[in-house]
Amino acid sequence: MRDIHLDDEVVAIAGDWHGNTTHIEQIIRAIRATDARVKTIFQLGDFWPDAHILPVVDRICDRYGIEAIYVTLGNHEPWGKIAPQMREWLGAVPVSRHVHLLQRPQWLFVRNRVFLSLGGAVSVDQEWRTPGETWWPDEAVTPAMAAEAIMGDPIHIMLTHDMVDGSGIEALDAILRDNPYGFPAGPLRASAEHRALITSVWDAVRPALLFHGHMHVPAIGPVKDERQVYSLGCDGQPMNAVLLNVDDLTVTVVANDAHPSP
Ligand SMILES: [Mn+2]
């Protein structure tokens, strides 16, 4: 069964976590303090779901009443372990009691809304990483995955790790233009091609909302052509999480320092 059916009125969507369990506990507490109805979190990758992190995340979920975390995988993930698991399962891969890794593509049906998840990105720092240990080519979405993604139902909300071209978010365009971290040309070219592939899906399915992580830039794009993009911050940044009302598609930013209500 590839599809996921949920009935949540409000869900949380969270950007990169980088295996930072201190932050994960803080942001999940803040999510629940902002709206105690939230039971489901869509996490947008760079989660790093390994054997050390997952039991801690399960305990955090138990403690704060989160039933499920669905992960749109990123590039900085243990792909050497994940990729074979993804090939073995038809649907989302349950890697712990609460954490599920989403296939590429994967559709999620929440009340009357259709979500499309398409995880993955190209690591622009791959030349500083070790293939098979800290970097794997499986991180990237393939053209076959992108082709499958545009064949599904009409989409209201798209969940990705990588950003898209044309969101109208100037802070993202500035990073691409200025390359402030001095990433090398080869990976930057591969990253641009990957971004173009994700953008081609975004242009084909035309969701009202797209949420992504990856860039570590918290920013909200303008409504352009009836579409809007949210670039979520990573652990330690503002706007690591937002709440989405599934019925009216309103988005609320979770304050990272929110405290549980008495
Ligand atoms: Mn990241």
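Predicted model: local features only at pLDDT ≥ 70, side-chain atom pairs only at ≥ 80, totals over all residues.

Student: Which helix gives the most to the lining of the largest pocket?

Tutor: The largest pocket has a volume of about 520 Å³, and among the 22 residues that line it, those closest to its centre are V124, I175, F183, H214 and M215. Two helices, α5 (170-178) and α6 (185-205), each supply at least two residues of this lining. The helix that gives the most, with four residues, is α6.

Student: How many charged residues are in the lining of the second largest pocket?

Tutor: The second largest pocket, with a volume of about 190 Å³, has W79, R87, R104 and D138 among its lining residues, and helix α3 (residues 79-88) provides the largest share, four residues. By class, the lining divides into six nonpolar and two polar residues, while the number of charged residues is three.

Student: Where is P105 found, given that the peptide bond from R104 to P105 is cis?

Tutor: Most peptide bonds are trans. The bond from R104 to P105, however, has omega near -5 degrees. As for its place in the chain, P105 is found in the loop between β6 (99-101) and β7 (106-110).

Student: Is E226 buried or exposed?

Tutor: E226, which lies in the loop between β11 and β12 (228-231), has a positive phi near 65 degrees although it is a residue other than glycine. Its relative accessible area is 70%, and because exposed means over 50%, E226 counts as exposed.

Technical notes:
Residues numbered from 1 in each chain as written. Heavy atoms only, no water. 1 Å grid on protein atoms, 1.4 Å probe; cavity = no way out; pocket = protein on both sides within 12 Å on 5 of 7 lines; lining within 4 Å. Points joined across faces, edges and corners; volume = space filled by probe spheres on them. Nonpolar A, V, L, I, M, F, W, Y, C, P; charged D, E, K, R; others polar. Buried < 20%, exposed > 50% of the residue type's maximum accessible area, 1.4 Å probe, protein only.
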